[in-house]
Amino acid sequence: MTQERILLAHGSGGLMSQRLIDEVFKQAWRNEIMEAMLDGAILQVPAGRLAMSTDSFVITPLFFPGGDIGKLSICGTVNDLLACGATPLYLSTAFIIEEGLPLADLRVIAASMAQTAREVGVKLVTGDTKVVEKGSADGVFINTTGIGIIPADIDYRPQRIQPQDQVIVTGCVGDHGLAILARREGLAFSTPVVSDCAALIQLREIISQYGNAIRCMRDPTRGGLATVLNEIAVQAGVGIHVKEADIPVAPAVQGACDLLGMDPLYMANEGKMVIFVAAALAQSLLNDLRRLPQTQAASIIGQISAETPGMVLIETELGAQRILGILEGEHVPRIC
Amino acid sequence: MDNDVKEYKQHLLRAIQLFSGSVSLMEVCGTHTMAIAKSGIRGLLPPNIKLLSGPGCPVCVTSQGDIDAVIVMVQHKDIILITFGDMMRVPGTHSSLQEERSRGADIRIAYSPLDALRVARDNPDKEVVFLGIGFETTTPTIAITIEQARREGLNNFSVFSLHKVVPPALELIFSDSEIKVDGLLCPGHVSAVIGVKTFGSLARKYHKPCVVTGFETLDILEGIYMLLQQLKKEEARVENQYSRVVKPEGNPIACQSMERVFQPVPARWRGLGMIPASGLQLREEFSDMDARKRFDIPEIEEIPIKGCACGEVLAGKITPLECVLFGQACTPLNPVGPCMVSHEGSCAAYYRYIPTKGRS
Amino acid sequence: MCLGVPARVVEKTTNYSARVDVNGNHTEINIQLTPDVEPGQFVLVHAGFAMEIIDESIALETMHYLEEMLQYGQ
């Protein structure tokens, strides 16, 4: 295509739309299902329970240290499927593109999605593109919807969480949120922190060995670790008691948060999982996690309590307990 | 080494827990309020030691009328308002800066007053106003910024000053017979600027121990311990726990910058009323950069909010838990008064961190 | 309203400003309130300014009352 930028005509369904799909998306994602070019994808799936998850990605900036919106769109939905206990199989992708987006950017995003999908072992099988007037989107918005198969012996639900169960987080928290915030305009601030954007597919092997000793998993994205713990505490009707000293935070992330007046426990993560596991197998699971590159900083951060149902308490360095609340409103950087 | 420090903190805690007198200690720094709440110290203190929060949060002590005046300014004048993040959600009588921004007002959050200079340089055709708020820690930074603007000849820059100084409020608290305060944890960073002399005078005049204290858990434990030791020995002087940052003479350069740019004026404090020489207004030679004068913003009559007890909380007369609205009509998501909305407000600290929500 | 962060001065970029480091994060701050600061020293950063030079001979976690505490300890 000779044009360098996306035009409204690329979304109108005609010749230019066809060329956009052929030359950007089909080029990047070659698989036989997509080649069939039907209105939808015809998929052969094994019998059993199907997990389905959808997520929309509206991040700004589109490209950031550690990833881009394309990689994020694959990792996000894959992680949600993994959290359901599923083996991710197929993804659909929908694009809402802002008029004027450089075509080169779209090619990079498509290639990034293809590479991530390949690494994870999922297929991108169907999609849609629309173009909206300049100003109606931030470059591009992406939705991915994924399906996966849940093995018969896996049942991950907050309701299965019981007192004495242990809470594990698979690595350091706050990296992604900080990496993005630091790159917003107006901040004369340079940080070595990069997004932890990753699909935790390595987890599949380990967790299949633990069956129902694992009660539930969830990925702590927007709102951070604290928000996810509060959601689970309410859904499961249990208290969650964690220790501040056991929550892994990278020194660079802590330093940046101190400077900006933010709290790492409320910053987004895009490559972490919170796992609720039976006490008897917690240490064993931790050891297995620590052997994997993606989860080597995993840590047991607390346990489930029958007291204080619906509430998350955190033990401070002095041994006092205080509430770790849910994020209320916008997480505004503060100076004072 | 880490374990030694951990043990040391436990020793301090135990020594504090062994104190037998019945005392009330006050801190007057929003950052202390937050640090104390986050560390959980309050819950570990014995019932005979009360830890009160005083008027140390500059956002919280800003009067309703002043907040309304700022909102009137953004509603009626074509300006870019630059402010610290904490002011965005503070409720005025009818609106807040956050609401005004959603209605189209150009309001931006800054980390530093210098950010406002940058905006002024980038927008020479627009009036840029910096909302100056803070005590002696922050005020010098605005003073330097104002002088910088003058040097550069930035004619479109002005400051709406809500700045205040702490010592007059302390005098009021110490001389109020309704407020029982036996000792003072002095604000560490205010002291880094003004030095320790003022607190020494206060200690002698009112016969109350004063300890200049830092903000780490260890600092606060030592500060409390030092106050209790003085009380035990019936001493009343100033001590400097935070000596790694606070020099006895403070920072003379910072003090001089405040002197050059600002003059003391009477100011209304939420909860404490009008206090002479407690507010800071731009001096005559800088009056062209005084946003109140430049935009002719009137003083606004205060209409107290029914049931809101922020004033009493700020004066240390009641704890947040004793406010009728606490945790019910007034929560961080739906705040009635600034003590709940400010990140360093007493009520926010109690609500966010103490495991007994609602009234005790 | 006294949120201050200790930061190490990396280099003075002008007479009025310096680049500081906090655990690998870098930012520019104004040093007009601490004009004599030298690279390598630690300063307290507040609102984009260095407010005070931190005395490193007094470490962050100096246990001022260790002796007394050891008496209590038993």
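## Strand pairing in chain A

In this predicted model, Thr54(A) has Thr145(A) of S6(A) as its bridge partner. The two strands involved, S1(A) and strand S6 (residues 140-150) of chain A, run antiparallel and are joined by nine bridges.

Gln202(A) sits in the loop that runs between strand S8 (189-190) and helix H6 (203-208) of chain A.

Apart from neighbours within four places in sequence, Gln202(A) is in contact with Leu292(A) and Gln294(A). Leu292(A) is 90 residues away along the chain, and its C-alpha atom is separated from that of Gln202(A) by 7.4 Å.

## Domains of chain B

Chain B splits into domain 1 (1-309) and domain 2 (310-352). Taken over C-alpha atoms, the centres of domain 1 and domain 2 of chain B are 17 Å apart. Their contact takes 30 residues from domain 1 of chain B and 24 residues from domain 2 of chain B.

On the side of domain 1 of chain B that touches domain 2 of chain B, helix H2 (30-39) and strand S2 (49-53) of chain B each supply at least two residues. H2(B) gives the largest share of that side, five residues. By type, the residues of this side of domain 1 of chain B are 18 nonpolar, eight polar and four charged.

Definitions and conventions. Residues numbered from 1 in each chain as written. Chains lettered and ligands numbered in written order. Predicted model: local features only at pLDDT ≥ 70, side-chain atom pairs only at ≥ 80, totals over all residues. Helix = DSSP H or I, 4+ residues; strand = E, 2+ residues; numbered from the N terminus. Contact = placed C-beta atoms within 7 Å. Pairing = 2+ DSSP bridges. Domains from an automatic or database assignment. Nonpolar A, V, L, I, M, F, W, Y, C, P; charged D, E, K, R; others polar.
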